[in-house]
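User: I would like to learn how to read a structure of this kind. Please show it and take me through it.

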Amino acid sequence: MNKHMTEFEEVVLELPGEVDDEVAGDIEKESVFVSPGIERIRVNADHKTARIFVRPGASVDDVMGKARRYLDVMAKQLSGFEIKVFVETRRRDRGPYQADVNEGLVQRGWMHDYGKGQVAYSGPVLRLVKLINDRAGELYGKAFDAKDGHFPAMIDADTLHKCGYFDSHPNAVTFVGNIIEDIDALEEFRLANSCSEGAHMPPHDHVHIDGMCLNPAACFPCYPTLTGRTVDGEAYSWLGRVFRYESRNIRGLDRLYEFNVRELVFVGSEDYVRACRAKALPIVEELAAMVDIDCKVQTATDPFFATVSAAKKFWQAAQEVKNEIKIPALGADGEVKQLACGSINLHGNFFGKRFDIKGSDGEPAQTGCVGLGIERWVLACFTQHGFEPSRWPKDVAAKIFA
Ligand code: AMP
Ligand code: ZN
């Protein structure tokens, strides 16, 4: 154990039951949101107990109450739901998976990591992003006659509320704050920063949050634009900028605060939406073949925040409304892990009802979406082919390493 770790008090708690790998992973990931007094929670190899790392100075009693409540809800999620695989592609490249891709991209000057879950990129990374994004847009245009669009990066809280986001992922929301319209508050802020070394933030009572948020799911801003309309089988596709507060979980291209999603939304009858979901599968296969990567599309559930997790996950798994594109990459420990690089979702008439969008029968329209996490595709591609152009498909290498 290194010195850093010995600063934390370690307490072992029993889980209410044994959990599978997926639930154990979710418990660890979401544990950063449980209490300011908890550094992290780790599930032990027995999958029946967990270690709570309590921060120095925190009240162990307070912290344990929260940890216990959190673990009780998280561990009651369904474990071992049957996973169905719909698509599986195999790469032709036989080279080993490349470790430390994030670091390698930074070293080559193709990526800059700002250290807070944001990255800048250029050269081969930018060209690969464009290639995947453009090709997906082209294929969606051909297969679904998808219309192009552009949507804002901010979204108002009422829309997010209507989308049910506060109910399912309250931990991931980012509110936009402004200094209050007050000459003294503005002057205080200006003076505090006029010759200071670092930035000084205004005191909390000088900031107001009026309900603008950063958009946390690519498809949300499209629904208000359809309000009051009758939509009989239409598809829309665009590149959306997405923000999710990931707290201390941020890491390179795998877990960003700000990332890009190539989104496809389909709206119409249930038959239309289900047919679109089926037609999306060979497109994912074609994209994976283009960049020559191992990839799977399989049933999945969302990592909902603890308090709502069990019921919603059960519903998602039972209805098979979420499929995920899983692409093998390497974790921080060097082990192969399945990176979620996109999702294919059916929403039923949820958005149709909430946003008053009707199908041709006058009933609330059905919707569905496909979101490709572009930065994760890039990470997966560089993991599976490394930095040497000769290992990449010839035409892709010619485009991105030019
Ligand atoms: P979701 O709507 O949750 O299915 O997310 C759509 C896709 O966005 C996921 O399949 C990931 O590929 C990508 N994604 C989600 N969260 C992050 C993140 N923090 N950093 C980078 N990509 C992400
Ligand atoms: Zn969506």
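User: How many residues surround ligand 1, and which are the closest?

Analyst: A residue is near a molecule if its C-beta atom, placed from the backbone, lies within 6 Å of it. Here 15 residues surround ligand 1, and the closest are Leu-256, Phe-259, Ser-343, Gly-371 and Gly-373. This is a predicted model: local features need pLDDT of at least 70, side-chain atom pairs count only at pLDDT 80 or more, and totals for chains, interfaces and linings use all residues. Residues are numbered from 1 along each chain as its sequence is written, while chains are lettered from A and ligands numbered from 1 in the order in which they are written.

User: Which element gives the largest share of the shell around ligand 1?

Analyst: Helices (H or I, at least four residues) and strands (E, at least two) are DSSP runs, numbered from the N terminus. Strand 15 supplies the largest share of this shell, four residues.

User: Which residues touch the most other members of the largest nonpolar core?

Analyst: In soluble globular proteins, nonpolar side chains tend to be buried together. A nonpolar core is a set of buried Ala, Val, Leu, Ile, Met, Phe, Trp, Tyr and Cys residues joined through C-beta atoms within 7 Å; buried means that 20 or more other C-beta atoms lie within 10 Å of a residue's own. The largest core has 80 residues, and Ala-235, Leu-264, Val-265, Phe-266, Val-378 and Ala-380 touch the most other members. Helix 9 (residues 270–291) contributes the most to this core, nine residues. Another core lies apart from it, with 18 residues, including Leu-15 and Val-34.

User: How far apart are the C-alpha centres of domain 1 and domain 2?

Analyst: Domain bounds come from an automatic or database domain assignment. That assignment gives domain 1 (2–74), domain 2 (85–154 + 217–400) and domain 3 (175–212). The centres of domain 1 and domain 2 are 30 Å apart.

Conventions:
Buried ≥ 20, exposed ≤ 12 C-beta atoms within 10 Å, placed from the backbone.
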